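Hi there,

Here is the structure I promised to pass along. Please have a look at it first, and then read on for what turned up.

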Amino acid sequence: MSVAFLVYVVVIVVPYLRRKPAPVGDPADFSWHFFVPCRDEEVVIRETVKYLRSTFRRAHVWVVDDDSDDRTARVVRSVWRRNGGYDPNLHLVARQRPEARTGKGDALNAAYRELDDWLGPDADRDRVVVVVVDADGRPAPNCLEVCAADHLFGDETVGAVQLDVRMSNFRSRPPGRTWFSRAFGLKLAQLQDLEFRTAIAAIQTSRGFTGTISMGGNGQFTRLSALDSIAGDELAPWRGSLLEDFELGVHLLTAGWRTGFTPDSHVAQEGLYSLRRFLVQRTRWGQGTMQCMRYLRRIWDSPHVSTLGAAEMMYYLAQPWMQLLGSLLYPVPFVMLLVSTAGDPGQVWTWFTGGAWILFAIYGSFGLLPFVVWGPIYQMKCLRSKNIFRGLGMGLLYAAYIYTFYITSWRALFRLVRGRNGWAKTRRNTEASAGVKVALDS
């Protein structure tokens with residue numbers, strides 16, 4: 001398993017490093033609509049709406065208030081009023097329980113239906129693009145012209161485009177009581193930035209060859225006609241998985257649409273400072289991936305997905321299960337060593353001096369190198385630094401960071417077995433520091 005994964009990383013590193021910026025297009029060729037799903041986002045939504053309306057003046061912003069317990073809707077209405085009038089490009093979609101608070105996908109579906117009613121029957125839906133942005137998201141100012149390029153939405157077969165994702169706070173030390181807590185929080189945010197800007201970006205780039213580029217929950221651009229093609233009679237293009245972004249990509253690809261990815265623009269979001277909140281987030285993602293296993297047959301049988309593409313998607317869906325299996329298999333050699341040491345310490349020493357330590361070194365290297373390699377790449381390509389030792393240090397920390405997914409995979413499995421499929425909102429850093437209490441689904 002380690003050797004196979006090492007080969008996989010080598011295959012995706014080269015296209016990632018060799019890629020050059022592509023030409024841009026004219027955003028005036030399209031109508032842009034930002035969907036911002038919100039559940040208790042009072043502390044961040046004001047600045048997000050102001051940023052979107054000031055940066056993308058001709059675009060529409062649809063804020064979906066998922067029956068928040070705080071003042072989210074009131075904040076949006078206060079921004080709505082402008083110079084004694086109302087901003088015609090800012091819309092509030094207010095949901096109420098029991099329909100509300102049932103997941104991000106349902107909130108996005110509510111915005112989709114509102115947009116459908118607002119556009120009317122005469123709209124050119126091939127030229128309407130829906131952009132999903134988190135409540136703390138900051139799409140780069142050039143994102144519309146990048147996505148309007150001929151190889152992206154300028155190509156009528158492309159149904160969706162995913163932006164590169166970056167952490168906006170990877171240089172900002174968090175507040176904390178101790179030096180260690182502040183240093184740990186900053187490093188955790190940096191590791192999330194490393195993950196998205198190198199490993200995930202490289203995987204997305206390589207998926208261009210397999211035709212299986214997946215969508216993310218932030219910075220997700222989708223052509224309205226593509227959403228129409230999978231919405232069904234219920235007008236619900238987003239489904240019930242906790243990984244609604246990947247699930248959307250599966251439906252688009254199997255419906256015959258192509259998907260794109262561009263690192264020429266990005267969306268910035270907050271990296272989490274808290275390990276506990278990070279584990280909650282990744283547990284939800286892992287559980288969502290497990291739920292999407294139900295699409296294996298759909299992917300394999302689709303005439304629109306190549307055999308190589310189906311294999312790549314199946315590999316992705318198998319990752320949480322492989323992590324479960326790996327957490328059981330990887331410790332076996334070390335357990336055997338401990339048992340042998342307890343039974344005959346002298347024989348173990350003879351075994352090591354005879355060269356067996358080389359096997360353990362190779363075993364450990366294959367487990368670390370696929371992750372450590374991204375540290376120097378991040379240092380040189382993203383931070384523009386030639387400090388190779390700091391890059392190696394980041395790579396080793398990234399390996400430890402990745403191994404937390406073995407924990408979240410088990411947590412995801414336990415939630416799945418117990419039928420705990422509720423969407424647990426991850427608290428923002430600003431919520432944590434302000435002491436804002438956010439309820440989590442059980």
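**What was found**

In the protein chain, residues 24 or more positions apart account for 82% of the contacts with a separation of 6 or more, a contact being heavy atoms within 4.5 Å. Before the details, a word on the basis: this is a predicted model, where local features need pLDDT of at least 70 and side-chain atom pairs count only at pLDDT 80 or more, while totals for chains, interfaces and linings use all residues. Residues are numbered from 1 along each chain as its sequence is written, and side-chain values use heavy atoms, with hydrogens and water left out.

The protein chain has 17 helices and 10 strands; these are DSSP runs numbered from the N terminus, helices being H or I with at least four residues and strands E with at least two. Of its 442 residues, 52% count as buried. Here buried means under 20% relative accessible area, exposed means over 50%, and partly exposed is in between (1.4 Å probe, protein chains only).

**The sheet**

Eight strands make up an open sheet with mixed pairing, in the order β5-β2-β1-β6-β9-β8-β10-β7; two strands pair if DSSP finds at least two bridges between them. At the edges are β5 and β7 (138-139), each of which pairs on one side only.

Seven of its eight residues are buried, so β1 is largely enclosed by the rest of the structure. On one hand β1 runs parallel to β6 (residues 128-132), joined by five bridges, and His-33 has Val-130 in β6 as its bridge partner. On the other hand β1 pairs with β2 in the parallel sense over six bridges, with Cys-38 standing opposite Asp-65 in β2. Together, β1, α2 and β2 form a right-handed β-α-β unit (right-handed if, with the strands pointing away from the viewer, the path from the first strand over the helix to the second runs clockwise).

The pairing of β6 with β9 (residues 220-223) is antiparallel, over four bridges; there Val-129 has Arg-223 in β9 as its bridge partner. Helix α4 packs on the sheet, where it touches β1, β2, β5 and β6, and its direction makes about 145° with that of β1. Axes are lines fitted to C-alpha atoms, for helices over the stretch in contact, and angles run from 0 to 180 degrees between N-to-C directions.

**Salt bridges**

How many salt bridges does a search of the whole structure find? There are 18, counting a side-chain nitrogen of Lys or Arg within 4 Å of a carboxyl oxygen of Asp or Glu. A few to look up:

- Arg-19 and Asp-264 form one, with their closest N and O atoms 2.8 Å apart. Arg-19 lies in the loop between α1 (2-18) and β1 (31-38) and Asp-264 in strand β10 (residues 258-269), so the pair ties together parts that are 245 residues apart in sequence. Arg-19 is partly exposed, at 26% relative accessible area, and Asp-264 counts as partly exposed at 21%.
- Arg-53 and Asp-87 meet in another, at 2.7 Å from N to O. This pair links helix α2 (residues 42-55), which holds Arg-53, with the loop between β4 (85-86) and β5 (90-94), which holds Asp-87, 34 residues apart. Both Arg-53 and Asp-87 are buried.
- Asp-66 and Arg-95 form a salt bridge too, with the closest N and O atoms 2.8 Å apart. Asp-66 lies in the loop between β2 (60-65) and α3 (72-80) and Arg-95 in the loop between β5 and α4 (104-119), so parts 29 residues apart in sequence are tied together. Asp-66 is buried at 5% relative accessibility, and Arg-95 is buried at 11%.
- A network of salt bridges links Asp-40, Asp-67, Asp-69, Arg-97 and Arg-101.

**A helix pair and a phenylalanine**

The axes of α7 (residues 224-231) and α8 (residues 244-254) come within 10 Å and cross at roughly 85°. The two helices are therefore roughly perpendicular to each other, the word covering angles of 65 to 115 degrees (under 35 counts as roughly parallel, over 145 as roughly antiparallel and the rest as oblique). Where they meet, Ala-226, Leu-227 and Ile-230 in α7 face Leu-248, His-251 and Leu-252 in α8.

Finally, Phe-405 lies in helix α16 (residues 404-417) and is buried, with a relative accessible area of 14%. Leaving aside residues up to four places away in sequence, Phe-405 touches Glu-195, Phe-278, Arg-282 and Gln-323.

Best wishes
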